[in-house]
Amino acid sequence: MNIENQKQFIEKVKNINAGKNLKYTIFTMGCQLNENDSEKLCGMLEEMNYTKTDDISESDFIIFNTCCVRENAEDKLFGKLGEVKKIKEQKGTIIAICGCMMQEKHIVEKIKKSYPFVDILFGTHTMHKLPEDLYTVICNKNKIQDILDIDGEIIEGIPIKRNDNIKASVTIMNGCNNFCSYCIVPYVRGRERSRKAEDIIAEVKCLAKEGYKEITLLGQNVNSYMRVEREQNLATGEIDFFAKLLREVNKIDGIERIRFISPHPKDFTDDVIEAIRDCEKVCKIIHLPLQSGSTEILKRMNRKYTKEQYLALVEKMKARIPGIVLSTDIIVGFPGETEKNFEDTLDVVSKVHFEQVYMFIYSRRVGTPADKMENQVPDEVKHERFDRLKKLAESQIAGNNQKYVNTIQKVLVEGKSKTNENMLTGRTETNKVVNFEGTDDMIGKIVNLKIVSEHMWYLKGEVLNG
């Protein structure tokens, strides 16, 4: 399957919309994969003569790109649908909902029953068919449900409208085969499917020509890139492992920084560690999700590593990659988590000294094994533990930040500070925000800054003279 058929529908909708000054709004919920999908949706819409607006009251087309990893995403969606109903009544706005939540049958049924004014529902495997679905709604006034339960193919060539002109995300694979017991992702994004290396390399080279300086390689489990294809003898070409892909992307002129998310600790092989060490453009901050520091809870989560194996991997990475720092994800209050289990998590955080800790209170997801587990942790216990973990992580931040003071850091300048337009802002290789006084011609470049002070959530820098 390719995008050519959809390009015909893009042209048809474009012709219908010619001269009408139509506007669209997109609400993106969830992870960077969702953000990347939204950029493709924007690309298609702008080719169909829609212009983006942040004012939903003037929108002729409103699209919600949903996430279903946490419960509050549902509440957020249903609240917004109540708002846009009035806009639809006033000006006939077309409403669409897509993304992971549309792969959950109970959510789809609730929308059809309680929000019948929604025009288009499409899932993670049919995103590329937006032009065809939109054309059908415009011409026939039909409601469209375009959702596949089977795994979709990877579609290349979808138009894309990036949100940034310095940093870009590049999806290298879709889906997940890990089936962590708390996670709905394998059920809504399907099994692992990797993009061909030549398509990834071509996209990154194109981004380099357009002036992008930093790319982030995206996948639910990037270090299992091409694993399924290797097992099925479907891998083509020489780049059939994640480590090889990293080395190849590292060669591309113009790209100055490479990041990737998310790897899985159980698949963090020596060849990936060596590639990170050897590739000068690969940032030496690695996101290594922990989820829990308790071996007992990790087993219940189906994570396939122990506390000891995680800590041993951290020590190996620190020994082999000079200057490496780590960030992580942690879930608090997983079913059955005891005080002793939670203290194991605090112990790992104390030992590793993560640069950043993304903390989440466990949220039940219909359709996952964890939802049916006994010994669900009371909300008040979850919140109390969350606060303790937050206090520990934040107590380490000042110490982590202090090591930057009086050092010279290479900072990719992203633009003006959101809180002070007289200051510029950027990030170090280790993803620390740095604010400093500088000139607009520095935006989009990597500059050397001396870090003069730390302020918990950002560092302050000064441009080196000469």
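Strands and helices here are DSSP runs numbered from the N terminus (E, at least two residues, for strands; H or I, at least four residues, for helices). The model is a predicted one, in which local features need pLDDT of at least 70 and side-chain atom pairs count only at pLDDT 80 or more, while totals for chains, interfaces and linings use all residues. Residues are numbered from 1 along each chain as its sequence is written, and side-chain values use heavy atoms, with hydrogens and water left out.

Contact means heavy atoms within 4.5 Å.

Because five of the five residues of S10 are buried, this strand is largely enclosed by the rest of the structure. Buried means under 20% relative accessible area, exposed over 50%, and partly exposed in between (1.4 Å probe, protein chains only). In a regular strand the side chains alternate between the two faces of the sheet. In S10, Glu214, Thr216 and Leu218 point one way, whereas Ile215 and Leu217 point the other way.

The largest nonpolar core has 72 residues, and Phe242, Phe260 and Phe268 have the most contacts inside it. Its largest share, six residues, comes from H7. Such a core is a set of buried Ala, Val, Leu, Ile, Met, Phe, Trp, Tyr and Cys residues joined through side-chain atoms within 4.5 Å. Leaving aside neighbours within four places in sequence, Phe260 is in contact with residues including Thr216, Leu217, Phe242 and Phe268. In helix H9 (residues 242–250), the buried residues are Phe242, Ala243, Leu245, Leu246, Val249 and Asn250. They lie on the same side of H9 because they cover an arc of only 160 degrees around the axis, the arc being that of the directions from the helix axis to the C-beta atoms. These buried residues pack against H7, S10, S11 and helix H10 (270–278).

Several loop residues were also examined. Glu192, in the loop between helix H6 (185–189) and strand S9 (193–194), counts as buried at 3% relative accessibility. Its side chain makes a polar contact with the side chain of Arg227 (3.1 Å). A polar contact is a pair of N or O atoms within 3.5 Å; within protein, one must be able to donate a hydrogen and the other to accept it, and residues adjacent in sequence count only if both atoms are side-chain atoms. The peptide bond from Ile261 to Ser262 is cis, with omega near -15 degrees. Gln291, a residue other than glycine, has a positive phi near 70 degrees.
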